[in-house]
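Subject: Two-chain model for you to look at

Dear colleague,

I am handing over the structure we spoke about, and my notes on it follow directly below. Please read them with the coordinates open beside you.

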Amino acid sequence: MFSERKLELLGFVVAALIVAALPLVTRSNYLLSIGVFIGLYSMVAIGLGLLMGYAGQVSLGHAAFYGLGAYGSAILTLHYGWNAWLAIVVAAFATALVAYLIGMPTLKLHGHYLAMATLGFGIIVRILFNEGGNLTGGPSGLPAIADLNIGSFVFDNDLRIYCLVWPLVLLQVVLSRNLLRSRLGRALRAIHDSEIAARSCAINTGRHKLMVFVLSAIYASVAGSLYAHWVNFVNPHPFGFVFSIELVVMVVVGGGATLWGPVIGAAALTVIDQLLVQLGHVFAPAKDMDVVLFGVIVVLVLLFLPQGLARGLRRKGVARDGA
Amino acid sequence: MQTSELLQYLVTGVTVGSVYALVALGFTIIYNATGIINFAQGEFVVLGGLVFYSLYVVANVPLVLALVVAVLIVAAIGLLMERLAIRPLIRSPVIVLIIITVATSVLLRGAAKLVWGPESLAVPTFSGDKSIFIGGAALQLQYLWVLGLTALAVFGVRLFFDHTLVGKAMQACAINPDAARLAGISVSRMVQGSFALSAALSGLAGVVISPITFASYDGGTILALKGFCGAIIGGLGNGLGAVVGGLFIGVLEKLGIGLAPEGYAGLQDAFAFIVLLLVLFLRPGGLFGTERAEGV
C-alpha cells in the first residue's frame with residue numbers, strides 16, 4: 001500500500017502535527033509542562049533506544065548522564081558565569097568523555113558488564129551530587145539557574161520551552177533515521193543480528209557499540225541541561241536509580257528498534273505516572289504503586305509484546321492489511 | 001593507624017564481606033546454570049531481612065525457626081521468579097534477560113515498600129549486645145553469627161555440589177547442558193533449583209545482617225552491585241572465587257573508610273564501583289580466573 005519511505009514521511013508529519021496541536025488546543029501550564037517532560041524524556045529515550053534496540057546493550061545509569069548535563073549547566077553558569085548555550089555544549093562534551101571512559105572497558109565484554117557498570121556509575125554520580133559540598137549544593141541542590149535566551153527572547157515559560165524542546169526531539173528522530181541508513185547503522189544492524197557474522201565482515205563491534213553509547217549519553221546530557229534551565233533549579237533527587245529504570249521501561253514499552261518507539265514509551269510512562277499522582281490524591285496508596293506497576297508493565301511487555309508497542313502494533317496492522 | 005584500629009576495620013570488613021560473599025555466590029550459581037546475571041539478587045537479601053523481621057520481631061517466632069522459615073520463603077520467591085519471569089524468556093537475547101531480571105527486582109522492591117513501608121526496621125541481635133575483645137578489636141556477638149552461618153552455608157554449598165547427585169547434576173548442566181540432557185538430567189529443573197538455592201543463600205545473608213544494618217526495602221541495589229563486584233573479582237562462574245571476592249570487597253570498603261579523611265564516609269559505596277571498573281579494565285577474567293570473560 002505505502003512504500004517504507006512514504007510510511008516514514010507520513011509518520012513524521014503526523015507526529016509533527018500532534019506536537020504542534022497541543023499548544024493550540026490548550027494553554028494550561030500543567031498540560032504544557034507534561035508535554036515538556038515527555039519531550040525531555042524522549043530526548044534521553046531516543047538515545048537509549050539506539051543503544052538497546054540496535055547495539056543490543058542496556059544502560060541502567062542514564063539518569064546519571066541526564067544529571068551530569070543538568071549539574072554541568074548549573075555549575076558552569078552559576079559558579080563560573082558562562083554563557084548558557086556554551087555551558088550546554090561543554091557539559092555534553094564532558095558527559096561524552098565520561099561515557100567513553102566507562103564504555104571502553106565494558107563494551108568489549110559480554111552484555112552484562114555495561115549494565116552493571118552503568119548501574120554502579122549511576123549510584124556513584126548520585127552520591128557525588130549529594131556529597132559535592134558548595135559545588136553541587138549538596139542535598140538541597142543549586143537554585144536560581146538562569147533561563148535560556150536568544151537575544152531578548154527569553155525561554156521563561158512552559159510554552160516557550162515546549163517550542164524549544166520538541167523541534168529538537170523531531171530533529172533527533174530525523175538524525176536517528178539517517179544514522180540507521182548510514183554505514184554505522186548498517187553495521188549496528190549486522191551486530192544486532194549476529195555479532196560473530198558482523199565481526200567476520202571486519203566490523204569493529206566494540207567500537208560501534210561505544211559510539212552509540214557515547215551518543216546516547218550526549219543526548220541525555222543535553223536534555224538534562226535543558227531541564228535545568230527550564231525548572232531553574234537542580235537537586236540530586238530526580239537523577240537516581242528509579243529514573244534510570246523508568247527510562248529503560250520507556251524504551252522497552254515503546255520498542256527500542258523503532259524510530260518512534262522511545263517517544264511513544266516516554267509519553268505512555270509520563271501519562272501513567274501523572275495519572276497515578278492524580279489518583280494518589282483520592283486513594284493514597286496509589287502513589288507508592290508506580291514502581292510495582294512499572295515492573296509489571298515491563299514483565300508483561302517482554303512476555304507478550306517483546307518488540308515493544310510501536311513495532312507490535314504495526315505488526316498487527318501489517319497482518320490486517322495482508323488479510 | 002594503630003594495629004587495634006586496623007584489626008577493627010578488618011573484623012567489620014570481613015563481616016559485611018560475608019554478606020557480599022553470599023550474594024556473589026548466589027550470582028555465580030545462577031550464572032553457571034543459565035548464563036544470566038540476576039539483577040534481582042540484592043532484593044533476595046532485602047526480602048530475607050524483612051520476612052525475618054515479620055516473623056522474629058512482629059510474630060515472636062523463635063529465632064532458629066524464624067531464620068529457617070525466612071530463608072525458605074525467599075527460596076520460594078526465587079522459584080516463583082524463575083517460573084513466571086525467566087522460564088518463558090530463557091531463549092531470548094542477553095539484553096532481554098537483563099531487563100527481565102531488572103524488572104523483577106523493581107517489582108520486588110516496590111512490593112516490599114508496599115508491604116513493609118519505607119522506613120528501616122530495627123531487628124534485635126540474636127544473642128544480646130555483648131562484644132568480645134580480640135587484640136583491642138571489639139567483636140560483637142552478632143558478627144560471630146554472621147561469620148559462622150556464612151561459613152556453614154559456603155561449606156554446605158560446597159558439599160552439595162561435590163557430594164550429592166543433585167549437586168553434581170547441576171554442575172553437569174553448567175558445564176554442558178546438552179550433554180547433561182542426554183544423560184537424563186532435567187536441565188529446566190536444575191535451573192529452577194539454582195534459583196531456589198541462590199535465593200536461599202541471599203535470603204540467609206539478609207537475615208543474619210539485619211540486626212547490624214536494619215531491614216529496609218531499598219538496600220538491594222547496592223548489595224547486588226557489591227556482590228557482583230565480588231563475583232567478577234573472583235572470576236565470574238567461580239564459586240570459591242566469588243566468596244573470596246566478596247570478602248575482599250568488604251575489607252577494602254571498611255579499610256577505605258578508615259583511611260579516608262573525615263567527612264567522606266558517604267563515598268564508601270564508590271569503592272566497589274572503582275574496583276569493578278579497574279578489574280574489568282585490567283583483568284576481565286577476574287583476579288583468580290584464567291578464562292577470558294568474553295563470550296559471543
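I begin with helix α2 of chain B, which covers residues 41-58, has 18 residues and reaches 25 Å from its first C-alpha to its last, close to the 26 Å expected at 1.5 Å a residue; the expected span is 1.5 Å times one less than the number of residues. Helices (H or I, at least four residues) and strands (E, at least two) are DSSP runs, numbered from the N terminus. Of the 18 residues of α2(B), 15 are buried, so this helix is largely enclosed by the rest of the structure. Here a residue is buried if 20 or more other C-beta atoms lie within 10 Å of its own, exposed if 12 or fewer, and partly exposed in between, with C-beta atoms placed from the backbone. After α2(B) comes B:Asn60, whose phi is positive, near 60°.

Before going further, please keep in mind that this is a predicted model, in which local features need pLDDT of at least 70 and side-chain atom pairs count only at pLDDT 80 or more, while totals for chains, interfaces and linings use all residues. Residues are numbered from 1 along each chain as its sequence is written, and chains are lettered from A and ligands numbered from 1 in the order in which they are written.

Chain B as a whole

Chain B has eleven helices and two strands, and from the N terminus on its elements run α-α-α-α-β-β-α-α-α-α-α-α-α. Its radius of gyration is 19 Å, close to the 19 Å that the globule rule gives for 296 residues, so chain B is as compact as a globular protein of that length; the radius is taken over C-alpha atoms, and the rule is 2.2 Å times the number of residues to the power 0.38. Along the principal axes, the C-alpha atoms of chain B fill a box of roughly 60 × 50 × 35 Å. Buried residues account for 51% of the 296 residues. Of the contacts in chain B with a separation of 6 or more, 74% are between residues 24 or more positions apart, where two residues are in contact if their C-beta atoms, placed from the backbone, lie within 7 Å.

The two strands of chain B, β1 (residues 131-134) and β2 (residues 137-140), pair in the antiparallel sense over four bridges, pairing being assigned if DSSP finds at least two bridges between two strands. B:Ser131 has B:Gln140 in β2(B) as its bridge partner, and B:Ile134 stands opposite B:Ala137 in that strand. The strands form a hairpin with two residues between them, and B:Gly135 in the turn has a positive phi of about 55°.

One loop residue may also interest you: B:Arg87 is found between α3 (63-86) and α4 (94-116) of chain B. B:Arg87 is partly exposed, with 14 other C-beta atoms within 10 Å, and, leaving aside its neighbours within four places in sequence, is in contact with B:Glu82 and B:Ser188.

Chain A

Chain A has 14 helices and two strands. For its 323 residues a compact globule would have a radius of gyration near 20 Å, and chain A agrees with this at 20 Å. The C-alpha atoms of chain A fill a box of roughly 55 × 45 × 45 Å along the principal axes, and 48% of the 323 residues count as buried.

Helix α10 of chain A (residues 205-231) has 27 residues that should span 39 Å at 1.5 Å a residue, which agrees with the 39 Å between its end C-alpha atoms. In α10(A), 23 of the 27 residues are buried, so the helix is largely enclosed by the rest of the structure. Just after α10(A), A:Asn232 takes a positive phi of about 60°.

A:Glu8 lies in helix α1 (residues 4-25) of chain A and counts as partly exposed, with 16 C-beta neighbours inside 10 Å. A:Glu8 and A:Thr258 are 250 residues apart in sequence, and their C-alpha atoms are 11 Å apart in space.

Where the chains touch

The contact between the chains takes 40 residues from chain A and 39 residues from chain B. On the side of chain A that touches chain B, α5(A) gives the most, with 13 residues.

Best regards
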